[in-house]
Amino acid sequence: MSSGVEANLGQRFLVESKPGADGAIGTSEVVRAPADGYTLLLGPTAVFAVIPHLFPTLGFDPLTALDPISLLADAPLLAVVGTDVPARSLEDLARYARASPGKYNYGSPGTGSPAHLTGAAFSQQLGNAVVYVPYKGTPPMVQALLAGDIQMAFPTWTGIIGPVKAGKLRVLAVMARERMAELPEVPTTIEAGFPQLVGGNWWVLAAPHGTSPRIIERLAADFRKVLADAAVRKRIGELGHVPIGLAPAETAAFLKSESARYKMVVERGGIKPE
């Protein structure tokens with residue numbers, strides 16, 4: 001995708017990964033960078049909507065320290081169970097879990113991840129009936145799900161394609177407003193009666209606060225143009241993401257809403273970083 005924007009701008013994009021502290025390390029560097037349009041942040045859900053609530057001493061608020069350019073893509077979360085779980089719908093799963101508090105476990109690839117907080121939100125709706133089990137990454141979580149050590153999880157599509165196609169895992173719902181092309185028979189959480197469980201691992205492009213609106217709008221327009229390309233959309237879809245391309249103001253409103261939603265889950269559950 002960046003190659004198309006490079007052609008439009010006549011500038012090279014150099015991608016530098018800065019992992020650590022759920023993305024806080026890389027984000028802090030962008031926050032401190034000059035607001036000249038040459039240093040940008042491509043951050044996931046956790047960076048914008050979770051870490052401010054997990055790390056109260058973070059030192060900055062991503063919603064005010066960064067100027068959003070565009071919500072580029074979203075990887076919807078899925079409600080997934082092992083084949084030994086009798087539930088055939090999300091409503092079934094909720095009924096079984098509510099009837100037997102503590103019997104069912106859910107896993108996530110890490111505390112504070114969208115998968116963790118979505119599971120926490122689901123459990124909170126059921127009176128905290130489901131027990132949380134953290135794992136260090138998606139592969140061990142999926143293995144635990146296959147082994148029956150946990151009964152449910154809320155991953156993205158890319159981490160479970162193989163087991164689902166092999167009939168070893170069952171997808172009960174897609175946590176999005178529309179069904180996934182890869183899973184046309186699976187209802188959304190809205191259709192399943194759980195409209196509050198809409199979430200994913202989305203990606204937002206942002207710049208240091210104070211960047212010229214002209215630069216912000218130019219970058220947003222260029223990325224929207226690239227996202228409209230059929231080949232680019234196809235490639236993003238193959239990676240389990242839905243291309244979006246919101247305008248800056250729309251992205252800012254989206255981030256505010258998502259941050260408030262995750263804050264409520266964190267506070268209700270008393271969730272702390274590992």
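**Ground rules.** I number residues from 1 along each chain as its sequence is written, and my side-chain values use heavy atoms, with hydrogens and water left out. Since the model is predicted, I ask for pLDDT of at least 70 for local features and count side-chain atom pairs only at pLDDT 80 or more, while totals for chains, interfaces and linings use all residues.

**Helix 3 on helix 11.** I looked up helix 3 (residues 45-54) and helix 11 (residues 248-269) and found that their axes come within 9 Å and cross at roughly 40 degrees. That makes helix 3 oblique to helix 11. Helix 3 passes helix 11 in a right-handed crossing. On the helix 3 side I listed Thr45, Phe48, Ala49, Val50, His53 and Leu54; they meet Leu255, Glu258, Ser259, Tyr262, Lys263 and Val266 in helix 11. I sorted the residues of this contact into seven nonpolar, three polar and two charged.

My terms here:
- Helices (H or I, at least four residues) and strands (E, at least two) are DSSP runs, numbered from the N terminus.
- Axes are lines fitted to C-alpha atoms, for helices over the stretch in contact, with angles from 0 to 180 degrees between N-to-C directions.
- Under 35 degrees is roughly parallel, over 145 roughly antiparallel, 65 to 115 roughly perpendicular, and the rest oblique.
- A crossing is left-handed if the near helix is turned anticlockwise from the far one by less than a right angle, and right-handed if clockwise.
- Contact means heavy atoms within 4.5 Å.
- Ala, Val, Leu, Ile, Met, Phe, Trp, Tyr, Cys and Pro are nonpolar, Asp, Glu, Lys and Arg charged, and the others, Gly among them, polar.

**Helix 6 on helix 11.** The axes of helix 6 (residues 114-125) and helix 11 come within 10 Å and cross at roughly 65 degrees. The two helices are therefore roughly perpendicular to each other. I noted a left-handed crossing for helix 6 passing helix 11. Pro114, Leu117, Thr118, Ala120, Ala121 and Gln124 in helix 6 meet Tyr262, Val265, Val266, Arg268 and Gly269 in helix 11. By class, I have seven nonpolar, three polar and one charged here.

**Pro52.** I placed Pro52 in helix 3. Its C-alpha atom is separated by 9.3 Å from that of Leu63, eleven residues apart along the chain. Leaving aside neighbours within four places in sequence, Pro52 is in contact with Ala46, Val47, Leu58 and Pro62.
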